[in-house]
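Hi everyone, thanks for making time.

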Amino acid sequence: MASRFYLLQSYGERRNEGARMDQTMKLKPVLPVLSLVSALFLGVAPSTANAEGTIAGTDISNTASVTFDVEGTTLTQSSNTVTITVDETLDVAVVLQSPQIAVAPADTDRVLVFTVTNTGNGVEDYTLTVDNTDATDDFDPVAATPSIYFDSDNSGDLSPGDEPYVPGTNDPSLNPDETITVLVANDIPAGLNNGDIGRSSLVATANTGSGAPGTVIAGAGTNSVDAVVGSSGATASVAGEYVVSDVAIDFQKSATILDPFGGDQPVPGATITYRITLEVTGTGTATGLVVTDPIPANTTFVAGSITLNGIGLSDQDDGDAGRYNDAATPAEVIVVVGDIAAADGLQAVEFAVLID
């Protein structure tokens with residue numbers, strides 16, 4: 001079974017009459033061949049969205065007053081109070097978190113990662129579906145059984161602890177601005193050609209209703225206010241993409257620690273040596289392979305520590321395969337591995353940082 005890794009967000013549940021909430025990164029081998037610049041340390045930032053203004057069910061009240069004189073006496077009189085209750089706006093956003101995923105024919109359970117955010121202004125339940133019928137791609141992925149999961153254990157990958165989604169049973173219920181991460185698992189058909197593209201979309205639709213923006217659903221919103229379909233039509237979808245490749249990269253990252261006392265405790269002053277190993281599988285060649293690794297916060301790069309297959313590389317951009325790019329934010333180590341095939345064997349990149 002092919003593998004994958006992503007940084008996932010938590011899954012929360014909410015109900016209309018209140019709220020209840022039940023709220024690493026795993027490195028797994030196979031990734032797209034030419035995407036290691038971003039994929040080695042894919043820091044997927046949590047999606048943020050601004051809920052549509054004032055929370056549904058909020059009362060907006062206003063009382064006018066008038067002041068006047070009667071025979072030298074100033075009197076003030078208040079009008080009746082006008083109260084308007086804010087309707088619920090039904091909106092949702094779906095965002096793809098995965099890069100293009102390299103696959104082989106007959107792969108199973110290849111996962112795409114999405115986030116779903118309630119961009120409306122009331123608590124809302126959503127129905128999730130998978131749509132693999134993109135007429136513009138080369139093949140249709142086949143939805144696995146089950147095909148949609150929540151990352152219940154926050155493992156960063158599809159694992160036994162993840163909760164399968166069952167429509168109508170555990171539809172995600174989200175507060176305004178709340179985001180969940182959803183895994184979509186697909187099988188890849190056999191008999192495909194190298195370079196073929198297949199797309200799979202996650203669709204999220206508000207259970208209260210959807211349709212043309214501005215459509216009013218009387219009494220169906222939070223706290224029985226009217227619900228109004230927002231600009232998204234209360235449904236949203238986005239497609240992830242698979243590419244059939246005769247090349248894949250198996251890689252892992254590890255770290256060893258040497259503290260100032262000769263032990264292996266991560267205390268200030270300890271040195272962390274990172275080791276990244278890469279190996280090509282398949283019959284093709286990975287061309288232009290580049291490893292990029294950001295320097296972690298609260299650490300300082302150890303000058304002269306970059307190596308490729310045990311050979312020291314300079315920190316400067318002077319023509320060899322490695323360099324320390326302190327102009328980036330955060331600073332980063334870059335190593336150009338180049339073109340490699342399975343026959344080239346294991347490639348290893350190392351560098352060190354000091355814990356501040």
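I'll talk about salt bridges and then a surface patch.

Quick housekeeping: this is a predicted model, so local features need pLDDT of at least 70, side-chain atom pairs count only at pLDDT 80 or more, and totals for chains, interfaces and linings use all residues. Residues are numbered from 1 along each chain as its sequence is written, and side-chain values use heavy atoms, with hydrogens and water left out.

So, how many salt bridges are there? The count is 5, taking a salt bridge as a side-chain nitrogen of Lys or Arg within 4 Å of a carboxyl oxygen of Asp or Glu.

Asp134, Arg199 and Glu241 are joined in a salt-bridge network. Asp134 to Arg199 has its closest N and O atoms 3.9 Å apart. That pair links the loop between β7 and β8 with strand β12, 65 residues apart; strands here are DSSP runs (E, at least two), numbered from the N terminus. Arg199 also meets Glu241, at 2.9 Å, N to O, and Glu241 sits in strand β15.

Next, Asp293 pairs with Lys253 at 2.6 Å. Buried or partly exposed, what is Asp293? Buried, because its relative accessible area is 2%, and buried means under 20%, exposed over 50%, partly exposed in between (1.4 Å probe, protein chains only). Lys253, at 21%, counts as partly exposed.

Last, the patch: Val66, Phe68, Val70 and Leu75 form a nonpolar one on the surface. Strand β1 gives the largest share, 3 residues, while Leu75 is in strand β2. Patch residues have over 30% relative accessible area and no salt bridge, with like charges joined within 9 Å and nonpolar side chains (Val, Leu, Ile, Met, Phe, Trp, Tyr) within 5 Å.

Note on methods:
Areas by Shrake-Rupley, 256 points an atom, 1.4 Å probe, with all protein chains shown as cover. Helix = DSSP H or I, 4+ residues; strand = E, 2+ residues; numbered from the N terminus.
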